[in-house]
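The exercises below are to be worked with the sequence and the three-dimensional structure in view.

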Amino acid sequence: MGPNGSGKSTLANTILGHPAYEVTEGQILWRGEDLTEADPEDRAQAGLFLAFQYPAAIPGVSVANFLRMALNTQREEPINVKEFGAKLKHATGLLHVDREFTSRHLNDGFSGGEKKRCEILQMAMLEPKVAVLDETDSGLDIDALRTVAEGVNTLHRETGMGALVITHYQRILHYVEPQFVHIMLDGRIVREGGPELVTQLEAEGYDWIREEVGALDG
Amino acid sequence: MAEARSTKKGAARAATLYQPLEGRGAGDGRSVEEIRAAALEAFERLELPTWRRSGFWTTSLRELDPEALEPKHVEPGEIPAVVGEALGDERPAGLLVQRGATVVHAELDPEAAAQGVVFSSLEDAIRTHPDLVREHFMKRLPYDTHKLDAAAAAFWTGGAFLHVPDGVVVERPFQIAYVIDEAGTAQYAHTLVVGGANCDFRVREYDLAGDFTGPALHAGHFECYLGDGARARIAHLQDWGSDGQEVFDVSTHFTRVGRDGHATWIPIHLGGRMTRQHIELSTAEPGADMRHRGIYFTEEEEHLDLFTVDLHEVGNTTGDTVWKGAATGASRASYEGLIKIVPNAQESHTYLQTHSMMLSPRAKVDAIPSLIVETDSVSASHGGTVGEVDETQVFYMRSRGLTRHEAVRVIVEGYFEPVVVQLDDPGLEGLVRERIARKLAAAEEDIQAYAAAK
């Protein structure tokens, strides 16, 4: 968590290797492997996933076809029709989207809520080891929020997936229980704690943290 | 995207190069042989053309040596392999293949023949259906616009003729293939299609190159006249190869839509050393409607010069044109698309848009949509975009595990896909997709260089 402009999305994009960001200091280490210079696709292969805050639309390719291509990057042999169908059925069930949704062009003409659901659908299909969710809860109504949270919880339970949830709002944390809470300010993680940190933020905002950090820096 | 709406008289075409044919046509009751003789006279009089748009575009034939080219007459019978590969397994309503100067194969489904359909070489049709041919031949095509126009009208041999009579509906397509498979070939092609009142059919013309290395010329005419209420779906696939074949293609295509009729016209340009193409679609009577979709993809040193005309000759007509292109290598592509609405054609409604995608730092693309509206009370708008691969899309797909190359392929295929599906023909759609994928693979280095340069 952190106020606007504190660097949360920058961190998310940097973890996945967005070409617009250059790492000038530090490393990205993942299971003993240095991914700092790795191509985005290699990071995905290593089990990282980013649910984008603003997912790009890809006209001309259906959600289902894109999922098939993405899954095939993880395999030696292309996924067979039956296995793919079963996986897709499971994932669409989990996220309460109908199958027709997956025949639409990827994010093309999707509403804000549909885009977010589509991100989580991809996450459910690709089964990453760690998913970064960049403000996936923004712009969702309460039902959609619950569905998305349920998806994250189920994947965590079923596959052991870890999730780094970037959010502005406490409300998603009513449905996803965090083990650790990190507060970012001006590009740095300035506080770490448990769920109680969220309660305190909800009551007092970020000002007290800013003051404390300022006092330390001063 | 620029947009202009016109509700009053006016004309604006500073950057444009080409003129619509409009009513100009040779057909005035003269016989085919009389027109041929007049065209020969024009051929001898005219010089090889060069087309120049002020300052930044030239289409020149200086690399073409007409003396080194001649029509190649071959033995009929064998269908060249390239035709089989391109046409796939679908059973057509008719298939006509011209190789070089000779029609080597012509067949018509007996069911269609029983309905009165005529499908043969144009040479044969002059003998078997002289009145039909004389009534329509070059009715709306001139023979003296430039030297190669005259050459096509003077020297054509073989050719294709299709007549679908009044009220006849044929589901399966008529396929016409012009094949060049020998260096030094000059191929002069002529296709004449006549659709009677309320008929409904599909016709496809394929321009294909066999395995050869060296120069060749294709100069052709295509003309299609549709009666009242007639509906036609026309596709045109040009693929003159990219493996040493150096085909120059200078052709003129014209289709006329009749009262309450409809034409869908989809030209696909996938390759040729130098192509200069004039494609004109006329909605000629009230209620006529046309839908025009096109694709081009140029690579290496190819030069493509397209001019399309959406001509409204009377009021209460509608049109809709969308062209999409991509350019790799050091290729040059120009698309000029004109909407022309003549005086007194009130209540014409039409739209034209053109999109181009640059895939190489060395490629050059021009997109020139233009409007000439000589009446009031119409809606006509046009727009154009020239774009590049969107790196946001590329990163999105890479974050899901696709390589950069795969991501670019998905983007480019997705860009063309809305036009490709309108071909409504799984065989042809598959061929177009496969060719685009091959071109992208071949241009991988350019695409990388372009991304790195930004």
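The conventions come first, followed by the exercises with their solutions.

**Conventions**

This is a predicted model, in which local features need pLDDT of at least 70 and side-chain atom pairs count only at pLDDT 80 or more, while totals for chains, interfaces and linings use all residues. Residues are numbered from 1 along each chain as its sequence is written, and chains are lettered from A and ligands numbered from 1 in the order in which they are written.

**Exercise 1. The overall form of chain B**

Task: Determine whether the radius of gyration of chain B agrees with that of a compact globule or departs from it.

Solution. Step 1: the radius of gyration is taken over C-alpha atoms, and the globule rule is 2.2 Å times the number of residues to the power 0.38. Step 2: for 454 residues the rule gives a value near 22 Å; chain B has 21 Å, and therefore agrees with it. Step 3: along the principal axes, the C-alpha atoms of chain B fill a box of roughly 65 × 55 × 45 Å. Step 4: chain B contains ten helices and 22 strands, where helices (H or I, at least four residues) and strands (E, at least two) are DSSP runs numbered from the N terminus.

**Exercise 2. Burial and the nonpolar core**

Solution. Step 1: a residue is buried if 20 or more other C-beta atoms lie within 10 Å of its own, exposed if 12 or fewer, and partly exposed in between, with C-beta atoms placed from the backbone. Step 2: a nonpolar core is a set of buried Ala, Val, Leu, Ile, Met, Phe, Trp, Tyr and Cys residues joined through C-beta atoms within 7 Å. The largest such core has 178 residues, and those with the most contacts inside it are A:Phe49, A:Ala51, B:Leu359 and B:Val412. Step 4: two residues are in contact if their C-beta atoms, placed from the backbone, lie within 7 Å. Leaving aside residues up to four places away in sequence, B:Leu359 touches residues including B:Ala326, B:Val389, B:Ile447 and B:Tyr450.

**Exercise 3. Where the chains meet**

Task: Find how many residues each chain brings to the contact.

Solution. Step 1: chain A brings 22 residues and chain B brings 18 residues. Step 2: in chain A, helix 2 (40–45), strand 4 (58–62), helix 3 (63–72) and helix 5 (112–126) each supply at least two residues of the side that touches chain B. Step 3: that side of chain A divides into 14 nonpolar, six polar and two charged residues. Here Ala, Val, Leu, Ile, Met, Phe, Trp, Tyr, Cys and Pro count as nonpolar, Asp, Glu, Lys and Arg as charged, and the others, Gly among them, as polar.

**Exercise 4. An enclosed strand**

Task: Explain why strand 15 of chain B is described as largely enclosed, and name the strands paired with it.

Solution. Step 1: ten of the ten residues of strand 15 (residues 274–283) of chain B are buried, so the rest of the structure largely encloses it. Step 2: in a regular strand the side chains alternate between the two faces of the sheet. In strand 15 of chain B, B:Met274, B:Arg276, B:His278, B:Glu280 and B:Ser282 point one way, B:Thr275, B:Gln277, B:Ile279, B:Leu281 and B:Thr283 point the other way, and all are buried. Step 3: two strands pair if DSSP finds at least two bridges between them. Strand 13 of chain B pairs with strand 15 of chain B in the parallel sense over ten bridges, and B:Thr255 stands opposite B:Leu281. Strand 17 (residues 303–312) of chain B also runs parallel to strand 15 of chain B, joined by ten bridges, with B:His303 as the bridge partner of B:Met274.

**Exercise 5. Two loop residues**

Task: Locate B:Asn344 and B:Ser377, and decide whether B:Asn344 and B:Ser377 are buried or exposed.

Solution. Step 1: B:Asn344 lies in the loop between strand 19 (332–341) and strand 20 (349–358) of chain B. Its phi is near 75°, a positive value in a residue other than glycine. B:Asn344 counts as exposed because it has 11 C-beta neighbours inside 10 Å. Step 2: B:Ser377 lies in the loop between strand 21 (364–373) and strand 22 (379–388) of chain B. B:Ser377, although not a glycine, has a positive phi of about 60°. With 11 other C-beta atoms within 10 Å, B:Ser377 is exposed.
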